[in-house]
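User: I am new to this structure. Can you walk me through how to read its features?

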Amino acid sequence: MSLYIYKNHKIKKKFGQNFLFNKDDILSIINVIKPKYDDIMVEIGPGLGALTKVMSCYVDELTVIEIDKDLVNMLLCMDLFKKNVIILEMDVRKFDFYSLYYKKKKLLRIFGSLPYNNAMSIILYLSKYRNFVHDMYFVLQKEIAYRLAAKPNSKFYGKLSIIIQYYYNVFLFFDIHPSSFKPSPKVYSIVVRFVPLIFPDVFVENLNNFNNLLNCVFSYRRKILKNSLCRFFTIEELKKIKINIFSRAENLSVKDFCLLSNYISDKTKI
Ligand code: SAM
């Protein structure tokens, strides 16, 4: 395994460590977030503090959550952070965001350049806390971001798009070139904003049914719905829910999937 050292830190691949160092990109990210002094700001994976340093100048208090003990120790040595940056050493997927919201009595704003290898599990974990979040800005691998933001009838549209858009409005901002990171990843990144939907168009009654339905239809993506959904619905039922039985999974909206899932839940209640 090759060894990569950046600013005296031995890079740990398992934590998806690609450090942003391009100053223009860092400033552009802060510019799209538009921090306000009294925002309750949380950074996931501050790394060596490239975004942290700039953000900490704009807000009264900044909480950062970093899994890597070595990085936490380096951050603790930076004088700048003693002022208004609270450094927590832990896996963000164990952090209780509700307790922070409860303490501050204000919706949280969350940001960070997420590790590529775990970005989705972090975003899915955060969805549990969406009611306590104002918005989130993440630097993500471009292809993943396209899948999260994809609309029906596009090649990127799939299970991830639907689950995430059930919880959030997703907005893509600007690309970041691989050479803006050390070490450079193989792919482009992009800045993405997630705004929690307080009231989705249709509430899903049973998330297990929702998940099973999505797994089933998207594993037969190219099949027409009459065939891919026959395990769950008769043709008459699909017509009743106003689903075109000759369309495919990628043609249905998030709302269609919510309605289908609730129909399954209602049927199993009886
Ligand atoms: N924000 C820094 C930057 O832009 O230079 C570092 C970004 S790097 C892509 C991802 C950071 O997230 C690393 O510092 C890594 O150690 C940290 N990290 C990875 N998994 C994490 C987790 N589960 N919880 C908290 N931090 C994590």
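Analyst: Keep in mind that this is a predicted model. Let us begin with a pair of strands. β9 and β11 (residues 189-196) run antiparallel and are joined by 7 bridges. Within this pair, Leu172 has Val192 of β11 as its bridge partner.

User: In what order do the strands of the open sheet lie?

Analyst: The order is β6-β5-β4-β7-β8-β11-β9. That makes an open sheet of 7 strands, and its pairing is mixed.

User: Which strands stand at the edges?

Analyst: β6 (85-89) and β9 (168-176) do. Each has a single partner strand, so one side of each lacks a neighbour in the sheet. On average, neighbouring strands of this sheet are turned by 20° against each other, direction ignored.

User: Now move to β4. Which strands pair with β4 in the parallel sense?

Analyst: β7 (residues 108-113) is one, paired in parallel with β4 over 4 bridges. There, Glu43 has Phe111 of β7 as its bridge partner. β5 (residues 62-66) also runs parallel to β4, again with 4 bridges.

User: What unit do β4, helix α2 and β5 make?

Analyst: They form a right-handed β-α-β unit. Helix α2 covers residues 50-55.

User: How do I read the faces of a strand?

Analyst: Start with the general idea. Side chains in a regular strand alternate between the two faces of the sheet. Now the case here. Ile40, Val42 and Ile44 lie on one side of β4, and Met41 and Glu43 on the other. Every one of these residues is buried, so both faces of β4 are covered.

User: How many residues of β4 are buried?

Analyst: 5 of the 5 residues, 40-44, are buried. Buried here means under 20% relative accessible area. The strand is therefore largely enclosed by the rest of the structure.

User: Turn to the ligand. Which residues come nearest to the ligand?

Analyst: Gln17, Leu20, Gly45, Glu66 and Asp91 come nearest, out of 22 residues around the ligand.

Definitions and conventions:
Residues numbered from 1 in each chain as written. Predicted model: local features only at pLDDT ≥ 70, side-chain atom pairs only at ≥ 80, totals over all residues. Heavy atoms only, no water. Buried < 20%, exposed > 50% of the residue type's maximum accessible area, 1.4 Å probe, protein only. Helix = DSSP H or I, 4+ residues; strand = E, 2+ residues; numbered from the N terminus. Pairing = 2+ DSSP bridges. Right-handed = clockwise from strand over helix to strand, strands pointing away. Near = heavy atom within 4 Å. Axes fitted to C-alpha atoms, helices over the stretch in contact; angles between N-to-C directions.
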